[in-house]
Amino acid sequence: MEHIMSREHPLVSVIIPSYNRSGVLKLCLEALEEQTYPHIEVIVVDDCGTEDAAQVAAAMGTKVVRTRVNGGPTPARNLGAEHAAGEILLFLDADIALDPDAVENAVRILEAHPEIGALGGIMLPESLVSQSLASQYRALQMHRWWMPAHRPTLELHAAVLAVPAKVFAEIGPFDPRLRETVSSDYRIRVTRSYEVKLSDAIRGRKDHDPTVRMILRKVLRRARMSALDWHQGETPGDSVPRAVGGVLLLAAVPALALPLVAGRRGALVPPALVAAAMAMDAGTYRFAFAQRGVAFGLYFSGVHLAVTFTGALGGAAGVLQRFALSRLEKAAARKPNQALAEQD
């Protein structure tokens with residue numbers, strides 16, 4: 001099924017879910033003011049923030065709508081879409097500043113390829129505001145790992161996502177019941193009728209977390225919740241080789257006890273598992289060294305191993321939690337049946 005733009009210059013509705021962080025939101029909105037494509041309406045959805053983000057957005061001439069309760073970015077995106085008048089909906093996170101030609105490129109691609117139902121962008125390998133070592137790591141990692149431009153996308157990311165309004169109406173809104181797999185769920189729904197593409201012509205700089213601790217905490221939570229929300233058709237960790245690498249790192253921890261039972265040979269197992277895990281994601285490590293040199297490459301490697309391990313740990317915790325919940329649900333379902341049998 002193909003969608004057709006009805007106007008020569010379609011209106012683009014940029015929908016930005018926002019929760020506080022008015023300074024970063026201001027940079028996001030300023031970048032939209034610099035867009036080469038002029039037919040844009042901007043809608044900021046204030047998700048019950050406590051800062052002055054809504055006032056900042058309104059002062060810049062942006063349309064502001066507010067959620068009734070703080071529900072996270074997914075309900076905020078859906079609410080923004082309800083108020084949008086554009087033929088193209090561009091969902092954009094509030095901590096991302098797009099390159100000046102990003103919107104124009106999105107319109108051009110969608111007009112040239114009506115078979116595309118969802119068009120994603122990429123993150124540039126530089127952080128928007130924070131320039132700590134941790135944020136520089138995260139910028140490189142996300143550019144290469146989460147939204148790589150060098151291969152076809154396996155997943156979809158709502159952080160920078162253009163969807164024709166007709167397609168959004170046909171497919172339906174983002175599923176507000178999901179937490180960390182909402183983008184994957186939307187990709188699966190779109191690909192039933194349309195193609196999903198990722199383009200490095202749609203670029204932006206994201207403001208990344210400034211400390212390793214914040215990154216690891218977020219990775220752990222997201223991995224656990226992703227495992228809880230996972231359903232058939234999704235790619236674990238966005239990449240099977242990287243997921244396998246995480247499992248190898250997990251296995252390296254109990255393998256540290258092998259020298260106690262296997263002697264010197266057992267001591268070779270943990271470093272071999274770590275080396276194998278790094279080989280599963282070798283392109284990411286090479287990319288960091290090529291981009292920033294040896295010193296930063298070594299720092300990147302250490303943090304990336306920690307991130308990969310933490311993601312695997314969170315995923316394992318989510319799988320165990322999912323299994324436990326499933327057992328509880330089955331047990332609860334058996335009790336009414338047992339009660340009925342006893343009554344008979």
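**Reading the model**

Modeller: Phe91, Phe168, Phe174 and Tyr186 form one aromatic cluster. Rings of Phe, Tyr and Trp (its six-membered ring) pair if their centres lie within 6.5 Å; planes under 30 degrees apart count as stacked, over 60 as edge-to-face and the rest as tilted. This is a predicted model, in which local features need pLDDT of at least 70 and side-chain atom pairs count only at pLDDT 80 or more, while totals for chains, interfaces and linings use all residues. Residues are numbered from 1 along each chain as its sequence is written, and side-chain values use heavy atoms, with hydrogens and water left out.

Colleague: How many aromatic pairs does a search of the whole structure find?

Modeller: The search finds 7 aromatic pairs. In one of them, Phe91 and Phe168 are tilted, at 5.5 Å centre to centre and with 40° between the planes. Phe91 belongs to strand β4 and Phe168 to helix α6 (residues 165-171), so this pair links parts of the chain 77 residues apart. Helices (H or I, at least four residues) and strands (E, at least two) are DSSP runs, numbered from the N terminus.

Colleague: Is Phe91 buried or exposed?

Modeller: Buried means under 20% relative accessible area, exposed over 50%, and partly exposed in between (1.4 Å probe, protein chains only). Phe91 counts as buried because its relative accessibility is 0%. Phe168, with a relative accessible area of 9%, is buried. Another pair, Tyr137 and Phe300, is tilted because the ring centres are 4.8 Å apart and the planes stand at 50°. Tyr137 lies in helix α5 (residues 133-146) and Phe300 in helix α13 (residues 282-343), so the pair ties together parts that are 163 residues apart in sequence. Both Tyr137 and Phe300 are buried.

Colleague: In what order do the strands of the open sheet lie?

Modeller: Two strands pair if DSSP finds at least two bridges between them. The open sheet has 8 strands in the order β3-β2-β1-β4-β7-β6-β8-β5, with mixed pairing. Its edge strands are β3 (63-66) and β5 (96-98), each of which pairs on one side only. From one strand to the next, the twist averages 30°. Axes are lines fitted to C-alpha atoms, for helices over the stretch in contact, and angles run from 0 to 180 degrees between N-to-C directions.

Colleague: Which strands pair with β4, and in which sense?

Modeller: β1 pairs with β4 in the parallel sense over 4 bridges, and Ser13 has Leu89 as its bridge partner in β4. β4 and β7 run antiparallel and are joined by 5 bridges; here Phe91 stands opposite Leu161 in β7. Elsewhere in the sheet, β6 (residues 116-123) and β8 (residues 195-206) are parallel over 6 bridges, with Leu119 opposite Lys197 in β8.

Colleague: Why is β4 described as largely enclosed by the rest of the structure?

Modeller: The description applies because 5 of the 5 residues of β4 are buried. On one side are Ile88, Leu90 and Leu92 and on the other Leu89 and Phe91, and both faces are covered.

Colleague: Which residues touch the most other members of the largest nonpolar core?

Modeller: A nonpolar core is a set of buried Ala, Val, Leu, Ile, Met, Phe, Trp, Tyr and Cys residues joined through side-chain atoms within 4.5 Å. Among the 33 residues of the largest core, Ile16, Leu92 and Leu98 touch the most other members. Helix α4 supplies the largest share of this core, 6 residues. Another core lies apart from it and has 23 residues, including Val45, Ala81, Val163 and Ile171.

Colleague: Where does UniProt place the feature "transmembrane region"?

Modeller: The unreviewed UniProt entry places this feature at residues 268-288 and 294-320. UniProt positions are given in the numbering used here, feature names are shortened, and annotations may be inferred rather than shown by experiment. In the model, residues 268-288 are 90% helix and 0% strand, with end C-alpha atoms 27 Å apart. Residues 294-320 are 100% helix and 0% strand, with end C-alpha atoms 39 Å apart.
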